[in-house]
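Please read the report below alongside the sequence and the structure.

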Amino acid sequence: MTPVLAIENLSLSIAGVPVVDGINLGVDAGEVMALVGESGCGKSITSAAVMRLLPGAVSQTAGDIRLAGESLSRLSERQMQAMRGRRLSMIFQEPQAALDPLSTIGTQIAESLRQSARAARPAVLHMLDEVGIADPARRIDQYPFELSGGMCQRVVIAAALIARPELLLADEPTTALDVTIQAQILDLLRTLARERGTAVLLITHDVGVVADIADRVAVMYAGRIAEAGPVHSIFAQPRHPYTQLLLASVPRLSDVPKSPLAVIPGRVPTPLEFGPGCRFASRCPRADAQCVAQTPPLRPLGDSDVACWHAA
Amino acid sequence: MTPALAIRDLHVHFPGRKRLAVRAVDGVSFEIAAGETLGLVGESGCGKSSLSNAVVGLVAATSGSIEIQGQQVVGANRAALRHMRANVQMVFQDPATSLNPRMTIGAAIAEPLLVRGLATGAALRLRVEALLEEVGLRPEHAGRMPHQFSGGQRQRVVIARALALRPALLVCDEPVSALDVSVRAQILNLLVDLQSRLKMATLFVSHDLSVVRHVCDQVAVMYLGRLVERAPAAELFATPRHPYTRALLASVPDPDPIVQRAKSRVPLSGEIPNPANPPPGCRFHTRCPIAADLCRTAEPAWRRVGGGDVACHFAT
């Protein structure tokens with residue numbers, strides 16, 4: 001089966017400095033794929049590349065992005081523009097910033113359908129109901145400032161999904177929301193993905209969110225994928241030392257209070273500091289001469305793919 | 001023994017639209033014993049930051065009492081406040097905006113000591129170096145500027161500056177929320193380590209329950225300007241009694257897919273009401289799964305249940 005989204009050997013660079021280095025990633029219909037990593041690992045820029053919304057300074061130096069088998073890299077900007085919102089959509093961290101403060105939410109949702117607000121009204125009302133907004137007939141004519149953050153994110157999701165795109169990119173969709181609202185929005189995303197068969201690429205730094213809704217996970221570190229696999233394998237048996245430390249550094253409701261948390265020493269290298277070998281080598285407890293000298297390839301191990309010379 | 005912090009019937013109101021005051025903090029009382037860490041949790045808009053700002057004197061309390069080591073903050077004159085501020089120091093969420101970009105970190109840490117005339121010259125330099133070591137930085141870092149540090153290291157600098165005067169009370173407002181996961185663990189380990197070494201009381205404000213559980217001895221849960229529950233951390237997390245506390249705990253995603261997906265979901269419906277016009281009776285009744293007629297009219301009294309206190313008609 002052709003995946004809805006296939007990222008093939010994608011490399012991105014800023015002024016000749018590589019920031020994303022040959023990553024491969026596939027997302028199937030109805031599946032939630034989480035791309036996890038800390039700030040600066042390249043996860044957000046990867047999603048921007050999929051939407052072809054890269055900032056001017058960033059260029060795609062290699063690789064291809066396919067939507068249902070069709071290469072997006074070859075499309076003209078005009079053709080790409082016609083795809084956005086219809087076949088692939090994106091939602092962001094700050095719902096208020098994603099909405100136009102000067103137009104009603106009904107008008108903004110109708111825009112994704114390329115229809116007038118009046119013609120699209122029945123469809124918009126139905127979509128508002130589907131994303132769990134109470135009293136859609138009143139809300140449809142309101143402005144973003146009249147809605148809470150959680151409700152604005154529901155509106156953004158409605159606008160993103162009303163045209164039934166095959167792919168939804170969600171970049172930290174619940175990071176700006178409170179936990180009780182986050183639980184509601186994650187439930188909504190999961191239900192919609194399943195019911196509509198939408199492929200979801202979820203960008204997040206929060207391993208709790210991943211554990212909640214992802215089917216598969218790709219862990220990114222310094223522009224490369226360190227490990228990828230089904231969510232249960234990644235959490236039950238993380239094989240890359242970075243994944244192991246990342247999971248162990250999160251306080252859990254089940255561990256002993258005030259017990260020391262695992263710490264990853266040092267910091268993420270900047271792209272200018274990348275050496276020839278594994279990019280985690282400078283912080284890795286298991287690193288040796290081979291790790292510093294040679295880049296470990298991503299290789300299958302159990303259910304997962306792991307880029308580490310020592311993983312077993 | 002005098003508690004490090006005693007708050008009684010504290011109100012912090014802000015002028016709102018149509019002459020309705022926003023009652024950000026609306027009758028809150030609690031104490032923090034010397035050497036103890038209290039976690040203040042709640043969602044955005046519940047008033048937790050207004051409360052911590054009132055404690056350090058960044059906003060004025062409308063009424064009520066705030067005592068730091070027995071000294072009244074509310075209505076105190078400038079001289080008294082200045083004296084008192086040596087006893088309470090604050091760590092904010094974003095270390096990048098907490099440090100002067102034009103000042104070396106050594107100068108930033110030395111400033112509170114200089115201002116109070118506590119050390120000069122070589123003694124000051126030694127004191128700054130000791131503080132840097134205390135938070136896990138190296139003495140030779142003193143000459144560097146904030147931009148030469150990562151976010152986690154900057155938060156260490158901010159903590160060192162807050163510790164410089166050896167305050168009786170440290171107020172931390174979301175101290176790790178802006179940090180990456182691996183760095184967050186480093187700062188949490190540092191805070192736990194400082195607690196045991198310095199025996200300093202801490203008011204730890206956070207929306208993140210797993211972080212609060214990790215570092216706090218006591219927990220107070222705030223909703224719409226009021227406390228709904230206060231209990232020792234172990235008890236609150238094991239047997240949450242208020243329906244809001246239960247909903248909050250159920251909403252925290254567990255970083256284990258098996259545990260998380262087996263959870264019975266109690267997603268709280270609805271949103272937080274407007275604090276300028278809170279619902280009558282129990283403020284939580286509009287979202288509460290067990291609300292009855294009584295809750296819509298009568299405000300629940302603060303009462304002892306088990307080892308904690310709870311404001312709910314039906315909590316047992």
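## A helix pair in chain B

In chain B, helix α3 (residues 105–115) packs on helix α4 (residues 121–134) at an angle of about 120 degrees, with the axes 10 Å apart. Axes are lines fitted to C-alpha atoms, for helices over the stretch in contact, and angles run from 0 to 180 degrees between N-to-C directions. The angle makes α3(B) oblique to α4(B); under 35 degrees counts as roughly parallel, over 145 as roughly antiparallel, 65 to 115 as roughly perpendicular and the rest as oblique. The crossing of α3(B) over α4(B) is right-handed, meaning that the near helix is turned clockwise from the far one by less than a right angle, with anticlockwise giving left-handed.

From α3(B), the contact uses Gly106(B), Ile109(B), Ala110(B), Leu113(B) and Leu114(B), and from α4(B) it uses Leu124(B), Arg127(B), Val128(B) and Leu131(B). Two residues are in contact if their C-beta atoms, placed from the backbone, lie within 7 Å. By class there are seven nonpolar, one polar and one charged residues. Ala, Val, Leu, Ile, Met, Phe, Trp, Tyr, Cys and Pro count as nonpolar, Asp, Glu, Lys and Arg as charged, and the others, Gly among them, as polar.

## Basis of the model

This is a predicted model, in which local features need pLDDT of at least 70 and side-chain atom pairs count only at pLDDT 80 or more, while totals for chains, interfaces and linings use all residues. Residues are numbered from 1 along each chain as its sequence is written, and chains are lettered from A and ligands numbered from 1 in the order in which they are written. Helices (H or I, at least four residues) and strands (E, at least two) are DSSP runs, numbered from the N terminus.

## Where the chains meet

Chain A gives 36 residues to the contact and chain B gives 32 residues. On the side of chain A, the elements with two or more residues are α8 (179–196), α9 (207–213), α10 (231–236) and α11 (241–248). Of these, α8(A) gives the most, with six residues.

## An enclosed helix

Helix α11(A) is largely enclosed by the rest of the structure, because six of its eight residues are buried (20 or more other C-beta atoms within 10 Å; 12 or fewer is exposed, in between partly exposed; C-beta atoms are placed from the backbone). Its cover includes α6 (181–198) of chain B.

## Positive phi

Arg114(A) has a positive phi of about 55 degrees without being a glycine. Arg114(A) counts as exposed because it has 11 C-beta neighbours inside 10 Å.
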